[in-house]
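Please examine the sequence and the structure shown here.

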Amino acid sequence: MKHKKDLYETRYSRTWEIDEPADHVVDFARTLKNKAGLILDVGCGAGRNSFFLAKEGFHLIGLDISLSASRLASERNQREKTQCMFVMGTFLHLPFSEERLDAAFSSYAIENVSLEQIKKALSEMKRVVKKGGVMHITLHSPKHWRFGQGKKIANHEFVTFQMIKNKQVEIIAHFFEKEEAGRLFQDIGLKLLSVQEVLSPNEKQRAYLIRWRQDEDH
Ligand SMILES: C[S@@+](CC[C@H](N)C(=O)[O-])C[C@H]1O[C@@H](n2cnc3c(N)ncnc32)[C@H](O)[C@@H]1O
């Protein structure tokens, strides 16, 4: 895990430079009824989506594993006088108690991990969101440009390697067909609301599956 963390200190994300929210987060905001709700932005990066939602009236907590990203987010929070809270941590162990939040979402962040870890991250989101709360995430689809790169280690799962501080770090990526994404939510006891395939406007070859989930079965 330590080396994985190093990855996000050295591997700069282009999304950290974007001020505007992702379109799918703008759509997500329209589905949220409780304007005063507390929302978790999982893998928030420099906080572009958190800031948008905060300006829409929601209370935001952004969580990211990267110190660099957390610093950028905190600086913008001060600069724009928004009231978001940014914490460092991993989506594999969310530092919140059960049913603490009204909703949670993740934009292009639950990516460089295995299927098992994706399930763990979703279980964590389920644990901290209140009954009836909505969850929304993006996952890789097989149309993503990275599909097939590296060594195949499972169905639709590949590993590549990167040298970080003279140590080899493995980067795993799992790619979901629509049906598998649907089953993923069923398996952890969540009700699937919708699945949608989208292209990131900034990275045209990238395709993602988006899912909205209503958590009913706590
Ligand atoms: C592509 S960026 C997306 C940032 C933001 N969600 C957005 O849409 O602009 C992915 C982010 O996920 C974070 N991340 C990666 N693994 C993580 C983990 N295990 N826990 C928390 N954040 C993580 C990275 O540090 C990075 O900021």
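## Strand β4 and its partners

D41 has F105, in β4, as its bridge partner. Strands here, like helices, are DSSP runs numbered from the N terminus: helices are H or I runs of at least four residues, and strands are E runs of at least two. The model is a predicted one, in which local features need pLDDT of at least 70, side-chain atom pairs count only at pLDDT 80 or more, and totals for chains, interfaces and linings use all residues. Residues are numbered from 1 along each chain as its sequence is written.

Strand β1 (residues 38–42) and β4 run parallel and are joined by four bridges; two strands count as paired if DSSP finds at least two bridges between them. Strand β4 also pairs with strand β5 (residues 129–140), in the parallel sense and over five bridges. Within β5, V129 stands opposite L101. Strand β4 itself covers residues 101–106, and six of its six residues are buried. Buried means that 20 or more other C-beta atoms lie within 10 Å of the residue's own, exposed means 12 or fewer, and partly exposed lies in between, with C-beta atoms placed from the backbone. Together with helix α5 (residues 115–128), β4 and β5 make a right-handed β-α-β unit. A crossover is right-handed if, with the strands pointing away from the viewer, the path from the first strand over the helix to the second runs clockwise.

## Strand β2 and its partners

Strand β2 pairs with β1 in the parallel sense over five bridges, and H59 in β2 stands opposite L38. Strands β1 and β2 form a right-handed β-α-β unit with α3. Burial is also marked in β2, where five of the six residues are buried.

Four bridges connect β2 with strand β3 (residues 85–88), and these two strands run parallel. Here L63 stands opposite V87 in β3. With helix α4 (residues 67–79) between them in the unit's listing, β2 and β3 make a right-handed β-α-β unit.

## The antiparallel sheet

An open sheet of three strands has the order β6-β7-β8, and its pairing is antiparallel. Its edge strands, each pairing on one side only, are β6 (151–154) and β8 (167–174). On average, and with direction ignored, neighbouring strands of this sheet are turned by 40° against each other. For such angles, axes are lines fitted to C-alpha atoms, for helices over the stretch in contact, and angles run from 0 to 180 degrees between N-to-C directions.

Strand β7 (residues 157–164) runs antiparallel to β8, and eight bridges join the two. The bridge partner of V159 in β8 is I172.

## Surroundings of the ligand

Twenty residues lie around the ligand; T15, G43, G45, S107 and A109 come nearest. A residue is near a molecule or strand if its C-beta atom, placed from the backbone, lies within 6 Å of it. Two elements give two or more residues to this shell: α3 (48–55) and β2 (59–64).

By type, the shell holds ten nonpolar, eight polar and two charged residues. Ala, Val, Leu, Ile, Met, Phe, Trp, Tyr, Cys and Pro count as nonpolar, Asp, Glu, Lys and Arg as charged, and the others, Gly among them, as polar.

## Residues in loops

F175 is located in the loop between β8 and α6 (178–187). F175 counts as buried because 22 other C-beta atoms lie within 10 Å. Apart from its neighbours within four places in sequence, F175 is in contact with H140, S141, P142, H144, F147 and H156, contact meaning that the C-beta atoms of two residues, placed from the backbone, lie within 7 Å. F175 and E157 are 18 residues apart in sequence, with a C-alpha to C-alpha distance of 6.4 Å.

H156 belongs to the loop between β6 and β7. Its phi is near 60°, a positive value in a residue other than glycine. H156 counts as partly exposed because it has 17 C-beta neighbours inside 10 Å. K81, in the loop between α4 and β3, is not a glycine either, yet has a positive phi of about 55°. K81 counts as exposed because it has 6 C-beta neighbours inside 10 Å.

## The chain as a whole

The chain contains six helices and ten strands. Of its 218 residues, 38% are buried. Among contacts with a separation of 6 or more, 67% are between residues 24 or more positions apart.
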